[in-house]
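Notebook open, model loaded. I want to jot down what I looked up, one spot at a time.

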Amino acid sequence: MKKLLIALALFPTLAYAWPWSTDMMNQPSIKPQEGEMVPFPRRSIPVTGIPTTVSSREEAKSLVNPISPTPDSIAKGRVLFKIYCAACHGMTGKADAPIAGKIGAISLVDSYVQETLTEGWIFGTITFGSFVMPAYGKPMGRDDLRGSNDLSVEERWHVVNYVKHALLKDAQSDVTRTAATE
Ligand code: HEC
């Protein structure tokens, strides 16, 4: 034992990666893929983009869409829709996703959404979610914190432009698999 200690003292590199040497591996920090992602701290603010100025869906109802429904905006909205909305509402919003009936995801091409709901309300729904639907802009605005802040303000308005100006047309022509780049 004494010889081992002397050897270690003279040649410290020998002590590297011995079975009992776990270096700094085992420590309380959260490692990749371990545990749940910690939500952003309350009151943290984005440093780029337009901030969300409303704090609830009701407040968003009368917001005026700052982004005009140009072909470019609609194209961006279409791509985001397929990523973020299609899983529940169907590829063209017809509530034909396999899960739609189970969770009650409504059709977004019916007159209720196309005519009755304001653009601000749809923006608010994407931002804060609805009852079953989670938030895609501000989960911190919900009591149950469900959702993500994946979509920036601009991106949410692009989705609104797509829903209000092109979704119905896509649904009628049954473009179920429009390429993401179109
Ligand atoms: C996880 C499933 C899910 C996803 C993803 C989802 N929704 Fe929903 N959505 C629902 C459900 C369920 C409802 C109906 C029940 C409710 O209001 O929560 C709904 C309702 C709505 C409504 C109607 C709100 C109202 O006032 O009646 C709109 C508009 C809407 N979704 C738009 C979207 C858009 C746009 C996206 C993509 C950014 C999206 N949804 C993504 C599940 C989802």
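Before the first entry, my cut-off: I call a pair of N or O atoms a polar contact when they are within 3.5 Å, and within protein one must be able to donate a hydrogen and the other to accept it. Also a reminder to myself that this is a predicted model.

**Serine 107.** I found serine 107 in the loop between α5 (100-103) and α6 (111-116). A polar atom of its side chain sits 3.2 Å from the backbone nitrogen of valine 109. I also noted a 3.3 Å polar contact between the side chains of serine 107 and aspartate 110. Buried or exposed? I looked up serine 107, and at 14% relative accessibility it counts as buried. Leaving aside neighbours within four places in sequence, I see serine 107 in contact with Gly93, Lys94, Ala95 and Val113.

**Iron site.** Which protein residues donate to the iron atom of the ligand? I get His89 through NE2 and Met133 through SD, at 2.0 to 2.1 Å. Histidine 89 is in helix α4 (residues 86-89) and methionine 133 in the loop between α7 (119-128) and α8 (153-165), so the two tie together parts 44 residues apart in sequence. The site has 6 donor atoms with angles of 88 to 179°, and I logged it as octahedral. Histidine 89 is buried at 10% relative accessible area, while methionine 133 is partly exposed at 24%.

**Core.** I checked the largest nonpolar core, which has 27 residues. Among those touching the most other members are Phe81, Ile122 and Leu167. Helix α8 gives the largest share, 6 residues. Beyond its sequence neighbours within four places, leucine 167 contacts residues including Phe81, Leu108 and Tyr162.

Conventions
Residues are numbered from 1 along each chain as its sequence is written. This is a predicted model: local features need pLDDT of at least 70, side-chain atom pairs count only at pLDDT 80 or more; totals for chains, interfaces and linings use all residues. Side-chain values use heavy atoms; hydrogens and water are left out. Donors are N, O and S atoms within 2.8 Å of the metal (3.2 Å for Na, K and Ca); water is not among the atoms, so sites may look incomplete. Four donors count as tetrahedral if all angles lie between 85 and 135 degrees; four count as square planar and six as octahedral if opposite donors are over 155 degrees apart and all others between 65 and 115; anything else is irregular. Helices (H or I, at least four residues) and strands (E, at least two) are DSSP runs, numbered from the N terminus. Buried means under 20% relative accessible area, exposed over 50%, partly exposed in between (1.4 Å probe, protein chains only). A nonpolar core is a set of buried Ala, Val, Leu, Ile, Met, Phe, Trp, Tyr and Cys residues joined through side-chain atoms within 4.5 Å. Contact means heavy atoms within 4.5 Å.
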